[in-house]
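Biologist: Could you zoom in on one part of this thing for me and walk me through what you see there? I'd like the cut-offs too.

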Amino acid sequence: MSQDDDKAPIVRIEALNKHFGSLHVLKDIDLQVAPGEVVVVIGASGSGKSTLIRCVNGLEEFQRGQIEVDGNLLKPNGKSGGALQAIRTEVGMVFQQFNLFPHLSVIDNVMLAPMRVRNVSRQQAEDTATRLLERVGISDQARKFPSQLSGGQQQRVALARALAMEPRLMLFDEPTSALDPEMIGEVLDAMRELAREGMTMMIVTHEMSFAREVADRVIYIHKGEITEEGTPEQVFDNPRNERTQSFLARVLTH
Amino acid sequence: MDSTFQFDWQAAFDSIPYLLKGIPYTLLISGVGLAIGFVIGIIFGLLRISPMAWLRWIAIIYIEVFRGTPVLVQVLFIFYGLPQILGGPIDAVTAGIAAIAVNSGAYISEIVRGGVQSIERGQREAGLSLGLTRIDTFRFVIWPQAFRRMIPALGNQGIISIKDTSLFAVIGVGELVRQGQIYIATTFNALEVYLMVAVLYLAITLSLSVGLRLLERKGLVGQ
């Protein structure tokens, strides 16, 4: 795959199965994501869409199948060895609840991982962090603590924090679901810009108009299975599966 | 029996210089004992939440044994019992330090466990997802937050252990209570002297409370 690495998928999920006790959360998921592609995963709550992207950076273990990210292989039941660390270093994640480190200032949140994981100097980490905070429009808040920021600002810091590791892939787990409505736009704008710059992204969201706009491909998950997959036009305008139709009817009318 | 008892202020004040000689022992035993207890508490508190069951069990047994038996029994066991095994005497101050260490260590283990478990799961996930190792995630993300939450409970334990050192009068450690007893043996002013002993304990514990309150307030910045 290294010969034609522009075409080779950066994520390759094969026959992925996950159980929570007796609950079969993910059923035979096959999915590939190409470099630069933006894949939006939609589905009802409890469908397994968050679990799916959490498997990609090993926050969830799975029981069967495999996930390959940028040449590193995740195996079932947490037996991936050093691959897990390698993947987490190359894959950034933005969470629904932001999960900023409340005891660290905004800029220290962004500097921590590059200094500890990539061994960059404090000066270099600070320069990168300053540039990233500028890019997401928070440079004037760098010395504040997360609790002094609005939800939208916190989520943009979380984005900058993930980008500071120069990830090859970004995962977004419902990044705007915990935000007040007036702050959703600023976070989506930052993500939109990231997509435009060519970042590979896997996004779980309920923001359907955003999905339609930025997605190269939309995936609909129902009860742990991919039941619909295609371009935003295909999935939103001409869904073939009746479950997708009724889900879209419910979310799009609201 | 004299029913017209007069509180002898002079006797109370006279006893103070003598009682003060006990304070270094009280502070030494509680200070060193708690410092060791803190290290024990971190180790066993973390073992207590280890993913490996046998490590958890080691911690549970340690905690239950030393939390479930009186400090007095522990120090008697160490001072009179252990020499029979070791074949040589144990210094009374050392026995006191050891008793405070193992006893406070058991309580602090539970404080550490509670503090670490109180940190939201998302914090760990955020650290790991950034590529930090599990150890770095603990060291830079979980522990600083957990420690801040532990301060009030650690303060409580400090105060309890300081007061527990008063029990070591029974093995002859020259701490506060012991100094009071010796003084009373010659002057018979039990009321005055024990009141002064109580006042001195209060002075120590109140300084600790005030110090911790300042530390907490400082720690609150940025939360």
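Modeller: Take residues 59-82 of chain B: that stretch is 88% helix and 0% strand, with its end C-alpha atoms 22 Å apart. Helices here are DSSP runs of H or I with at least four residues and strands are E runs with at least two, both numbered from the N terminus. Keep in mind that this is a predicted model, where local features need pLDDT of at least 70 and side-chain atom pairs count only at pLDDT 80 or more, while totals for chains, interfaces and linings use all residues. Residues are numbered from 1 along each chain as its sequence is written, chains are lettered from A and ligands numbered from 1 in the order in which they are written, and side-chain values use heavy atoms, leaving out hydrogens and water.

Why pick that stretch? An unreviewed UniProt entry has a "transmembrane region" annotation that covers 59-82 of chain B, along with 23-47 and 193-215. UniProt positions are in the numbering used here, feature names are shortened, and annotations may be inferred rather than shown by experiment. Residues 23-47 of chain B come out as 100% helix and 0% strand, and there the end C-alpha atoms sit 35 Å apart.

For chain B as a whole, the tally is nine helices and zero strands, so in element notation, starting from the N terminus, you get α-α-α-α-α-α-α-α-α.

How big a box does chain B fill? Along the principal axes, its C-alpha atoms take up roughly 75 × 50 × 25 Å. Chain B has 223 residues, of which 45% count as buried (buried is under 20% relative accessible area, exposed is over 50%, partly exposed is in between, with a 1.4 Å probe and protein chains only). On the contact side (heavy atoms within 4.5 Å), look at chain B pairs at least 6 apart in sequence: 76% of those contacts join residues at least 24 apart.

Now for some side chains. Phe38(B), Phe138(B), Trp143(B) and Phe147(B) make up one aromatic cluster. The pairing rule asks for ring centres within 6.5 Å (Phe, Tyr and the six-membered ring of Trp), with planes under 30 degrees apart called stacked, over 60 edge-to-face and the rest tilted. Over all chains that gives ten aromatic pairs. One of them joins Phe138(B) to Trp143(B), a tilted pair with 5.9 Å from centre to centre and 40 degrees between the planes. Are its two members buried or exposed? Phe138(B) is partly exposed, because its relative accessibility is 24%. Trp143(B) counts as buried, because its relative accessible area is 18%.

Rings also turn up next to charges in chain A. The charged end of Lys18(A) sits over the ring of Phe20(A), 4.5 Å from the ring centre, and that of Arg161(A) sits over the ring of Phe101(A), at 4.4 Å. That label needs NZ of Lys or CZ of Arg within 6 Å of the ring centre and within 35 degrees of the ring normal.
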